[in-house]
Amino acid sequence: MENETVKPAFKKKDLSEVNPIVGKKRQWKSLKQILAHEKSLPWKETDVTYSSVNAPPSFKPAKKYSDISGLIAPYTDPHSKLRYHNAEEYQTIRSFPMDLTASYLALRGATSIV
């Protein structure tokens, strides 16, 4: 038995030796299914799982979105500090009273400009 060499899977010419279900499509699990299955298994505190892995911070700057329309905002109003997408939104922002401007900033989580 020790003289017998086992062929690696990539060397086998007949794929049916590796996977008996050749003609079937592979069923992929969603992340929700993986996490549910992961919770049912006995894990140690030190084991790395899908739910315990934290991604490192991104080197790309965060995208800024318009406070009015939700589109990508390349511009910021210097007076009210609201972000806007185009000139039409800028005119709308300039007509806002201060309390409405403050509520938009509060929705975004920015500090108010009182």
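## Close-up views of a predicted protein model

**View 1. The largest nonpolar core brings together 5 residues: Leu 82, Tyr 84, Ile 93, Phe 96 and Leu 105.** A nonpolar core is a set of buried Ala, Val, Leu, Ile, Met, Phe, Trp, Tyr and Cys residues joined through side-chain atoms within 4.5 Å. Buried means under 20% relative accessible area, exposed means over 50%, and partly exposed lies in between (1.4 Å probe, protein chains only). Residues are numbered from 1 along each chain as its sequence is written, and side-chain values use heavy atoms, with hydrogens and water left out.

**View 2. The whole protein contains 3 helices and 2 strands.** Helices (H or I, at least four residues) and strands (E, at least two) are DSSP runs, numbered from the N terminus. How much of the protein is buried? Of the 114 residues, 13% are buried.

**View 3. Tyr 75 and Tyr 84 belong to one of the 3 aromatic pairs in the structure.** Their ring centres are 5.5 Å apart and their planes meet at 25 degrees, so this pair is stacked. Rings of Phe, Tyr and Trp (its six-membered ring) pair if their centres lie within 6.5 Å; planes under 30 degrees apart count as stacked, over 60 as edge-to-face and the rest as tilted. Tyr 75 is partly exposed, at 42% relative accessibility, whereas Tyr 84 is buried, at 12%. Ring pairs also link Tyr 75, Tyr 84 and Tyr 90 into a cluster.

**View 4. Phe 96 and Tyr 104 form a stacked aromatic pair.** Look for 5.4 Å from centre to centre and 10 degrees between the planes. Phe 96 is buried, with a relative accessible area of 18%, while Tyr 104 is partly exposed at 23%.

**View 5. Ser 80 sits in the loop between strand E1 (75-76) and strand E2 (83-84).** Is Ser 80 buried or exposed? Ser 80 counts as buried because its relative accessibility is 2%. Its side chain makes a polar contact of 2.6 Å with the side chain of Asp 77. A polar contact is a pair of N or O atoms within 3.5 Å; within protein, one must be able to donate a hydrogen and the other to accept it, and residues adjacent in sequence count only if both atoms are side-chain atoms.

**View 6. His 85 lies in the loop between E2 and helix H2 (87-94).** At 29% relative accessibility, this histidine is partly exposed. His 85 and Ile 72 are 13 residues apart in sequence, and their C-alpha atoms are 6.3 Å apart in space. A polar atom of the His 85 side chain lies 2.7 Å from the backbone oxygen of Ile 72.

**View 7. The protein has a mean pLDDT of 81, and 76% of its residues reach 70 or more.** pLDDT is the predictor's confidence in each residue, from 0 to 100. Where pLDDT is low, the predicted coordinates should not be read in detail.

Definitions and conventions:
Predicted model: local features only at pLDDT ≥ 70, side-chain atom pairs only at ≥ 80, totals over all residues.
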